[in-house]
Amino acid sequence: MPRDVAKAASKYSKVLFENGKVRVVELNWKKGLKIEMHSHPTYLAYAVTPLKYKSTSPDGKTQNRSLKKGEVSWYDAESHAVQSLGTTGRALLVELK
């Protein structure tokens, strides 16, 4: 089973809050950052800064994703690897339990 994002990106992430219903993870990345395969339960991402990245699923399919500053995006539970396609970025991930 893939790791959770806070462990897969331990140098670039910090758990800000966690209880029995939700976990909030701050993710700070740099240009070219690659995060190994990891899993999320259903979650939303809030872009503190603009973000551009490539998401690669376990079957090898890729999808380029981008979020504008202040944008919120909802994602069903997924496993993926991530590669930054932009410069530095910051996001808050809110994972449901």
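Guide: Thr56 has Thr62, in β7, as its bridge partner. Strands here are DSSP runs (E, at least two residues), numbered from the N terminus. This is a predicted model, where local features need pLDDT of at least 70, side-chain atom pairs count only at pLDDT 80 or more, and totals for chains, interfaces and linings use all residues. Residues are numbered from 1 along each chain as its sequence is written, and side-chain values use heavy atoms, with hydrogens and water left out.

Visitor: How many bridges join β6 to β7?

Guide: Two strands pair if DSSP finds at least two bridges between them; β6 and β7 run antiparallel and are joined by six. They belong to an open sheet of five strands with mixed pairing, in the order β1-β4-β9-β6-β7. Because β1 (3–4) and β7 (62–67) each have a single partner strand, they stand at the edges, with one side left without a neighbour in the sheet.

Visitor: How is empty space found?

Guide: Rolling a probe the size of a water molecule over the atoms shows where empty space is left. A cavity is a set of points, on a 1 Å grid over the protein atoms alone, where a 1.4 Å probe fits but cannot get out; lining residues have an atom within 4 Å of a point. Points are joined across faces, edges and corners, and volume is the space filled by probe spheres set on them.

Visitor: Which residues are closest to the centre of the largest cavity?

Guide: The largest cavity holds about 130 Å³ of space, and of its 16 lining residues, Leu27, Trp29, Tyr43, Tyr53 and Leu93 are the closest to its centre. β4 gives the largest share of the lining, three residues.

Definitions and conventions:
1 Å grid on protein atoms, 1.4 Å probe; cavity = no way out; pocket = protein on both sides within 12 Å on 5 of 7 lines; lining within 4 Å. Helix = DSSP H or I, 4+ residues; strand = E, 2+ residues; numbered from the N terminus.
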